[in-house]
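Reader: I would like to learn how to read charged side chains in a protein model. Please take me through some cases.

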Amino acid sequence: MVEITKKNPQRFRFDFLSEWLQENGVDFEFDYIQSQDLESDIQEAKKEFDSIRFGPSCIDEAARLQSRLPASAQIIMSIEALMRERKQWWPRSFCGDAIRQVFVERVQSLDTLRSAVIVGSGGLARIAAQFAVTSGYKKILFSGIESDKGTALVSDLSRVFFDCHLEWMGDRVLGLSPGSTSLLMNTEPIVSDSDLFSDLCYFNFLHNKGVVCELLASNFNAQLVREARNVNIQCVTGELIASREDSLWIKKAVPSHMFKEKEYTEAWIEFLQNSV
């Protein structure tokens, strides 16, 4: 397996995955490609590997390069993997299913009559939006600092989620009415001393039964999650999403392996806690 990414490689995550598989009897090799030309890098990776994972920085571009996509990925134009199966390459998406499964297990309910706020404008924001829509949200607000990308994202998604109100609000989080939001999903790194981060951490826009969800595994013990927990807001963490996503990948990539998801998740979280 190889990870192709343009920035912020998830080295610690996939190094752990590689070591865990090897310790459990799976012959497994792993490498990274810091991409400059995604299309060319994909073609080179196909010559050497049977599975390609894409970093968050290029999962939307990876989808646009494919001639065929699963229906759910085609809606939002985002994939996280390519896998060789029966001598052919197939695009695969695991993150959306991972989010849904973790929420079913850990979140009792979501008040979808309120709005959802998604921080970010890349491929993970597209996946987060699909989750919010399929969960029943009719109003989804996007926040971030890249206005051009954010406006384009809302324009794209409005064509497929036409019965929902989608809006790019930039960094104007404090303009939201108190308690008007029941779900906050972060999809990209936030600088902790930025105005956006400070505004998010007021959480005055979040209902008292709202949920904060971090999608980046690299944000283990993320400050946004810590701040939310300090005021007793329920959180779904990036390490749980990553663990479930990798579990789904393992089941597809190594179907013959007697995989025990609980053991993998426990080992992964212990590894992260010891790494902090």
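Reader: With which residue does R114 form a salt bridge, and how far apart are the closest N and O atoms?

Author: Side chains of opposite charge can pair when their charged atoms come close. A salt bridge here is a side-chain nitrogen of Lys or Arg within 4 Å of a carboxyl oxygen of Asp or Glu. R114 forms one with D111, and the closest N and O atoms are 2.7 Å apart. Salt bridges that share partners also join R13, R53, E245 and D246 into one network. A search of the whole structure finds 16 salt bridges.

Reader: What kind of model is this, and how are residues numbered?

Author: This is a predicted model, in which local features need pLDDT of at least 70 and side-chain atom pairs count only at pLDDT 80 or more, while totals for chains, interfaces and linings use all residues. Residues are numbered from 1 along each chain as its sequence is written, and side-chain values use heavy atoms, with hydrogens and water left out.

Reader: Is E85 buried or exposed?

Author: Buried means under 20% relative accessible area, exposed over 50%, and partly exposed in between (1.4 Å probe, protein chains only). E85 counts as buried because its relative accessibility is 14%. Its side chain meets that of R92 in a salt bridge of 3.1 Å, N to O. R92 is buried too, with a relative accessible area of 19%.

Reader: Where do D97 and R100 lie?

Author: Helices are DSSP runs (H or I, at least four residues), as are strands (E, at least two), and both are numbered from the N terminus. D97 and R100 both lie in helix α5, residues 95-106, and are 3 residues apart, about one turn of the helix. D97 forms a salt bridge with R100, with the closest N and O atoms 2.4 Å apart. D97 is partly exposed at 35% relative accessibility, and R100 is partly exposed at 30%.

Reader: Which side chain of opposite charge is nearest to E239?

Author: Lys and Arg count as positive and Asp and Glu as negative; His and the chain ends are not counted. For E239 the nearest side chain of opposite charge is R229, 5.4 Å away. E239 is buried yet has no salt bridge. Its place is in helix α10, residues 238-253.

Reader: Where is D27 found?

Author: D27 is found in the loop between α1 (11-23) and β2 (31-34). D27 is exposed, because its relative accessible area is 76%.
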